[in-house]
Amino acid sequence: MKKGKTIGAILLTAAAAAFRIMVELNKKDLIIENGVSGYRNYASASTALLAAAVVLTVIMLALEASAAARKRREEEAAASLAAEAAEKRPRAPLSVDGVMNPEEIRNYLVLQGSGEWRKYRGNLGQCVDVMDDMSECRERLHKLLDMNGADTLRDTEDVLRQVEQYICRNMRKIINNLSAVDMDSPDSGPKIQKWFSDCIDDSRQKIDKVNEFIVSLSEFFNSQGEDSSSLDMLDIYKGTILESIARE
């Protein structure tokens with residue numbers, strides 16, 4: 001509505017300006033027809049109308065700018081409140097929308113192993129061990145790269161991050177399945193044991209490949225300048241690892 005009024009005020013200003021110009025262009029005719037005083041009346045009226053229209057236009061533009069600024073502030077405030085609410089809302093540790101936090105999953109497995117799922121404490125303990133081993137692999141790789149100043153091979157750490165996320169997804173399956181199943185049902189036992197077996201065996205296979213890769217990397221560092229095929233072997237190991245987690 002305000003925008004329509006602003007346009008109207010601008011049009012009124014344009015009309016008043018046109019009227020004022022027309023008075024000046026027809027000055028002689030107005031004096032002849034109405035006398036000097038008549039011309040002055042026309043000139044005063046057209047000037048006053050133009051001034052009023054300009055003032056009105058300025059006011060409407062100011063009101064419109066103020067309304068736009070207020071709306072922008074309200075939108076920014078709403079966005080800020082939404083962001084604060086999102087920050088306060090606890091992040092789902094098993095979220096399918098982003099990167100999972102291995103530490104959160106590990107802590108949840110430990111918590112449930114001594115709580116609601118203590119019946120399967122041993123199995124959950126094996127899952128925790130798997131996650132600890134994967135974390136230790138990442139630490140060893142990072143240390144190896146640092147000691148050898150191998151900044152050009154930092155992309156190898158991303159390979160291990162992808163394996164760790166794969167293992168987190170395995171653990172997510174266990175957690176979701178245990179959350180959904182009736183543990184008191186006599187039929188649940190064998191099914192649950194198979195879930196654990198599949199998860200742990202698969203995750204262990206991936207960690208074995210990671211360990212082989214780290215050993216291969218150390219051999220590459222030891223043979224630098226001696227064996228040109230070592231780098232090719234590293235690429236083979238990386239490709240094998242990524243392929244194994246991609247097709248699962």
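Is Glu164 buried or exposed? At 9% relative accessibility, Glu164 counts as buried, where buried means under 20% relative accessible area, exposed over 50% and partly exposed in between, with a 1.4 Å probe and protein chains only. The views below show a predicted model, in which local features need pLDDT of at least 70, side-chain atom pairs count only at pLDDT 80 or more, and totals for chains, interfaces and linings use all residues. Residues are numbered from 1 along each chain as its sequence is written, and side-chain values use heavy atoms, with hydrogens and water left out.

**View 1. The salt bridge of Arg138 and Glu164.** The side chains of Arg138 and Glu164 meet at 2.5 Å, N to O; a salt bridge is a side-chain nitrogen of Lys or Arg within 4 Å of a carboxyl oxygen of Asp or Glu. Arg138 belongs to helix α4 and Glu164 to helix α5, so the pair ties together parts that are 26 residues apart in sequence. Helices here are DSSP runs (H or I, at least four residues), numbered from the N terminus. Arg138 is partly exposed, at 28% relative accessibility.

**View 2. The salt bridge of Arg106 and Asp132.** The structure holds 12 salt bridges. In this one, the side chains of Arg106 and Asp132 are 2.6 Å apart, N to O. Because Arg106 lies in helix α3 (residues 102–113) and Asp132 in helix α4 (residues 121–147), the pair ties together parts 26 residues apart in sequence. Arg106 is partly exposed at 23% relative accessibility, and Asp132 is partly exposed at 30%.

**View 3. A network of salt bridges.** Asp146, Asp151, Arg154 and Glu157 are linked in this network. Between Arg154 and Asp151, the closest N and O atoms are 3.5 Å apart. Arg154 counts as partly exposed, at 22% relative accessibility, whereas Asp151 is exposed, with a relative accessible area of 56%.

**View 4. The largest nonpolar core and Met171.** This core has 43 residues, of which Leu109, Met171, Phe196 and Leu217 touch the most other members. A nonpolar core is a set of buried Ala, Val, Leu, Ile, Met, Phe, Trp, Tyr and Cys residues joined through side-chain atoms within 4.5 Å. Helices α3, α4, α5, α6 and α7 (230–246) each supply at least two residues of this core, and α6 gives the most, with 11 residues. Residues up to four places away in sequence aside, Met171 touches Ile105, Leu109, Cys127, Val130, Met131, Cys199 and Ser203, contact meaning heavy atoms within 4.5 Å.

**View 5. Asn123 and its contacts.** Asn123 lies in helix α4 and counts as buried, at 14% relative accessibility. Leaving aside neighbours within four places in sequence, Asn123 is in contact with Gln193, Phe196 and Ile200.

**View 6. The largest pocket.** About 220 Å³ of space lies in this pocket. A pocket is an open set of points on a 1 Å grid over the protein atoms alone, where a 1.4 Å probe fits, with protein on both sides within 12 Å along at least five of seven lines; lining residues have an atom within 4 Å of a point. Of the 12 lining residues, Tyr166, Arg169, Asn170, Lys173 and Asp202 are the closest to the centre of the pocket. Helices α5 (155–180) and α6 (188–222) each supply at least two residues of the lining, and α5 gives the most, with six residues.

Notes
Grid points are joined across faces, edges and corners, and a volume is the space filled by probe spheres set on the points.
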